[in-house]
Amino acid sequence: MSAATTRSRTARTPAPDRLCAEAVDLARTAAEEAAAPGVVGEHVSLVSEGDRVVTHYFECKEPGYRGWRWAVTVARASRAKNVTLDETVLLPGSDALLAPEWVPWSERLRPGDMGPGDLLPTEAEDPRLEPGYTGEDEPLPNSPVSDVSQELAALVDAEDAELMTRPGGTSRGSIASVAEELGTRRARVLSRYGLRMAADRWDEEFGAKTPMAQAAPASCVTCAFLVPMAGSLRQAFGVCANEFAPADGRVVSLSYGCGGHSEAAVMPKPPKPAPHALDTLQVDDYPLRPADDTGSVPAQADGATEDLGHS
């Protein structure tokens, strides 16, 4: 029973080959050739990988590779006395300093990371987008407008072919120009999911629950600086056009508000100054003696008097 157990363990983990286990110098030389002299440290351990196959582990002294080990695998052919080199590789140990787990670029990308010249590809099955034309609005074959729609489609295809052979802008009033203005020439448009994501993002940044909106005297729906949007989102959002507002040039919720509201504090007109009390343009005459027929002083004085008529 004990012998059977020993043979079973030996089949799973064979004992290291003696010649391969003694080839420490060969393994060290191979590690120093792959790394650099002085970077390979002490011999740490060896592991039997199979019959006449042994891996030697050496300490790595390279800065920044704490806990890593140089692994050199050597092997020996059956009935051969020469040990040959199999491979040399740098492997992390149990306490090795490892880089964080790799994350795809689509998950690492954050708003504001794009710069001039950067391209952001969109997946073919992006849930934020949907085909601009699916054919659901195509009239039935027996519909009265089916012939008209087919003629318009043929004209659009002919015009597209002409534009492909002769580059240039579409002429004003042409079918392709009208279709382009209506948005039917776009391959994909925003889906309901994409619209909802954009609305949630905008409302979180410039919505009614922000501290700025809570302290605002009024909401943006009554502000003259609000520029309406087109499409289904115009019922809930607009663009701020106040250069002094914190959301200038940004999409804001109609329930958002700030202190820059156009009707928040209408400055009164300056009061008109009252006319001056003194007339400096005319000269008033003040006689030294009153007239003879006025006043209480007699015309002929009894005695000597002063110039003002009082003794």
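Modeller: R76 is buried, at 16% relative accessible area. Buried means under 20% relative accessible area, exposed means over 50%, and partly exposed is in between, using a 1.4 Å probe and protein chains only. Keep in mind that this is a predicted model, where local features need pLDDT of at least 70, side-chain atom pairs count only at pLDDT 80 or more, and totals for chains, interfaces and linings use all residues. Residues are numbered from 1 along each chain as its sequence is written, and side-chain values use heavy atoms, with hydrogens and water left out.

Biologist: Which residue does R76 form a salt bridge with?

Modeller: D17. The closest N and O atoms of the pair are 2.7 Å apart. A salt bridge here is a side-chain nitrogen of Lys or Arg within 4 Å of a carboxyl oxygen of Asp or Glu.

Biologist: Where do D17 and R76 lie?

Modeller: D17 is in the loop between α1 (2–12) and α2 (18–21), while R76 is in strand β3 (residues 68–76). The pair therefore ties together parts that are 59 residues apart in sequence. Helices (H or I, at least four residues) and strands (E, at least two) are DSSP runs, numbered from the N terminus.

Biologist: Is D17 buried or exposed?

Modeller: Buried, at 12% relative accessibility.

Biologist: How many salt bridges are there by that rule?

Modeller: Four. One of them joins the side chains of R18 and E22, at 3.5 Å from N to O. R18 is exposed, and E22 is too. Another joins E205 and R250, with the closest N and O atoms 2.8 Å apart. E205 belongs to helix α7 (residues 192–205) and R250 to the loop between β8 and β9, so this pair ties together parts that are 45 residues apart in sequence. E205 is partly exposed at 40%, and R250 is partly exposed at 36%.

Biologist: New topic. How many helices and strands does the protein have?

Modeller: Eight helices and nine strands.

Biologist: How do β1 and β2 pair?

Modeller: In the antiparallel sense, over seven bridges. β1 covers residues 40–50 and β2 covers residues 53–60. Two strands pair if DSSP finds at least two bridges between them. V47, for example, has T55 in β2 as its bridge partner.

Biologist: What about the turn of that hairpin?

Modeller: It has two residues between the strands. R52 sits in that loop and has a positive phi of about 60°, although it is not a glycine. At 29% relative accessibility, R52 is partly exposed.

Biologist: What is phi for R79?

Modeller: Near 65°, again a positive value in a residue other than glycine. R79 is in the loop between β3 and β4 (83–92). It is exposed, at 85% relative accessibility.

Biologist: And the other strands? In what order do β7, β8 and β9 come?

Modeller: The order is β7-β8-β9, in an open sheet with antiparallel pairing. β7 (226–228) and β9 (251–253) stand at the edges with a single partner strand each, so one side of each has no neighbour in the sheet. Three bridges join β7 to β8 (residues 237–240). V227 stands opposite V239 in β8.

Biologist: Now the inside. How many residues are in the largest nonpolar core?

Modeller: It has 14 residues. A nonpolar core is a set of buried Ala, Val, Leu, Ile, Met, Phe, Trp, Tyr and Cys residues joined through side-chain atoms within 4.5 Å. Those with the most contacts inside it are A31, V40, F58, W70, V72 and V74. The elements giving two or more residues to this core are α3 (24–34), β2 and β3. The largest share, four residues, comes from β3.

Biologist: What is V40 in contact with?

Modeller: Leaving aside neighbours within four places in sequence, V40 is in contact with R28, A31, E32, A35, F58, E59 and W70. Contact means heavy atoms within 4.5 Å. Apart from this core lies another, of 11 residues, among them A247, V252, L254 and C258.

Biologist: Why would such residues gather?

Modeller: In soluble globular proteins, nonpolar side chains tend to be buried together.

Biologist: Last one. What share of the protein's residues is buried?

Modeller: Buried residues make up 22% of the 311 residues.
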